[in-house]
Amino acid sequence: MLSHNKSFTNVNGQPTPPPSSDHLPIKTVQPTSMEAALNGTQPESKHHHIWLITGPAGCGKSTVAQYIAKALNLPYIEGDEFHPQANIDKMASGIPLTDADRWDWLTALREESLRRLTEGSQGVVLTCSALKRKYRDVIRVAPYYDHNVLVHFVYLHAPEDVLLQRVGARKGHYMGANMVHSQFGILEPPGKEETDVISVDVSGPIEQVEREVLSRVEEAVAAVVDRDC
Ligand SMILES: Nc1ncnc2c1ncn2[C@@H]1O[C@H](COP(=O)(O)OP(=O)(O)OP(=O)(O)O)[C@@H](O)[C@H]1O
Ligand SMILES: O=C(O)[C@H](O)[C@@H](O)[C@H](O)[C@H](O)CO
C-alpha cells in the first residue's frame, strides 16, 4: 500500500510526482478465503491447519467433521479408529477410559494429523473428544514439530440430556448411552484463555449446526490469511 507521505525521486535523486495508479503493477485478484473455501479449495497460505472437532459422546463430532472435511476438501481423520482394541472393549462394556488409556491415543492422533499435512494437505479435520485441557494440550504440541501448523478446536456443546437422547437413538455404535454421564463427569469445557477454540451450541438441528461451524471455520481461515498477507 502506498503511503500518503511517501516522497518519490527519479534516478538522479530529484523529486518527482507519485506514480498514478495506472502505472502501478497489476495485482492479481485472489479469491477471498470464503470463496476459496466454498469452492472446495483452501486459499494459499503458509499455514497448515489441524481442525479438531471436539466434545462429549454424541455431540455430533463425526457428523460435523465429515461435513466440514467435504466442504473444505480436506482429509477427515476419525479419531475413534485410532483407539486400541482394549480401549474400544472397555468403552463397549461401559467402563470409561482413564487418562492413561487416552495418552497414546492422543499422541497417535497428533502424529497422524502431522503425517497427513506432511503429505501435502493444507489441513486436516479430526474428531477427538478432547474432554480435558491436558488432552487438548497434547495436540497443541503439534506446531513444535512443524512451525507452520495451526491447531484449532471446534467445541460442540449441548446439555447432557440432549446428548443422552441422541446416543440412545443411535444404532450400531460401541459407545452406549450409559457412557454419556461419565463424559460430562470429567469434561473441562474450554476456558476463555484457550483462544484457539470455536464453541458451537449443537442443541439445534444438524443443518443449522453444520452451517454455523462452517462459517466459523471460514472466519478463522480468513483471519489467518489476512494476518499472513
Ligand atoms: N444437531 C443434531 N441434531 C440431531 N441429531 C444429531 C445432531 N448431531 C448429531 N446427531 C445425531 O446424533 C448421533 C451422534 O452423532 P455423532 O455420531 O456424529 O456424534 P459423535 O460426537 O461423533 O459421537 P461419539 O463421540 O460417540 O463418536 C448420530 O445419530 C447423529 O446422527
Ligand atoms: O475420550 C473418550 O472417552 C473417547 O474418545 C470417547 O469420547 C469415544 O471415542 C467416543 O465418544 C466414541 O464414540
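What you see is a predicted model, in which local features need pLDDT of at least 70 and side-chain atom pairs count only at pLDDT 80 or more, while totals for chains, interfaces and linings use all residues. Residues are numbered from 1 along each chain as its sequence is written, and chains are lettered from A and ligands numbered from 1 in the order in which they are written.

Let us begin with the overall layout. The protein chain holds 9 helices and 7 strands; these are DSSP runs numbered from the N terminus, with helices being H or I of at least four residues and strands E of at least two. Contacts here mean C-beta atoms, placed from the backbone, within 7 Å of each other. Among contacts in the protein chain between residues at least 6 apart in sequence, 75% join residues at least 24 apart.

Five strands form an open sheet in the order 4-5-3-6-7, with parallel pairing; two strands pair if DSSP finds at least two bridges between them. At the edges are strand 4 (76-77) and strand 7 (197-201), each pairing on one side only. Strands of a sheet pair through backbone hydrogen bonds, either parallel or antiparallel.

You can follow the pairings across the sheet. Strand 4 meets strand 5 (residues 123-127) in the parallel sense over 2 bridges, and Ile77 has Leu126 of strand 5 as its bridge partner. Strand 5 in turn runs parallel to strand 3, joined by 5 bridges, with Trp51 opposite Val125 of strand 5. Between strand 3 and strand 6 there are 7 bridges, again parallel, and Thr54 has Tyr155 of strand 6 as its bridge partner. That tyrosine, Tyr155, also stands opposite Ser199 in strand 7, and strand 6 and strand 7 run parallel with 5 bridges between them.

How many residues of strand 5 are buried? The count is 5 of 5. Gly123, Val125 and Thr127 point one way from the strand, Val124 and Leu126 point the other way, and all are buried.

With 23 residues, helix 9 reaches 33 Å from its first C-alpha to its last, close to the 33 Å expected at 1.5 Å a residue, the expected span being 1.5 Å times one less than the number of residues. Its buried residues are Val209, Val213, Val217, Glu218 and Val221. An α-helix has 3.6 residues a turn, so residues three or four places apart point the same way.

The loop between helix 2 and strand 4 is worth a stop. Pro75 sits in this loop and counts as partly exposed because it has 16 C-beta neighbours inside 10 Å. Leaving aside residues up to four places away in sequence, Pro75 touches Ala69, Arg116, Ser121 and Val124. The C-alpha atoms of Pro75 and Leu126 are 8.5 Å apart, although 51 residues separate the two along the chain. Asn73 lies in the loop between helix 2 and strand 4 as well, and its phi is near 55°, a positive value in a residue other than glycine.

Ala130 is in the loop between strand 5 and helix 5 (133-139). Is Ala130 buried or exposed? Ala130 is buried, because 29 other C-beta atoms lie within 10 Å. Most residues other than glycine have a negative phi.

Finally, the ligands. Around ligand 1 there are 17 residues, of which Gly60, Lys61, Ser62, Thr63 and Arg166 come nearest; a residue is near a molecule or strand if its C-beta atom, placed from the backbone, lies within 6 Å of it. Helix 2 (61-72) and helix 9 (206-228) each supply at least two residues of this shell, and helix 2 gives the most, with 3. The shell of ligand 1 divides into 7 nonpolar, 6 polar and 4 charged residues, where Ala, Val, Leu, Ile, Met, Phe, Trp, Tyr, Cys and Pro count as nonpolar, Asp, Glu, Lys and Arg as charged, and the others, Gly among them, as polar. Around ligand 2 are Ala57, Asp80, His83, Leu97, Arg102, Ser129, Leu131 and Met175, and this shell has 4 nonpolar, 2 polar and 2 charged residues.

Key:
A residue is buried if 20 or more other C-beta atoms lie within 10 Å of its own, exposed if 12 or fewer, and partly exposed in between; C-beta atoms are placed from the backbone. Two residues are in contact if their C-beta atoms, placed from the backbone, lie within 7 Å.
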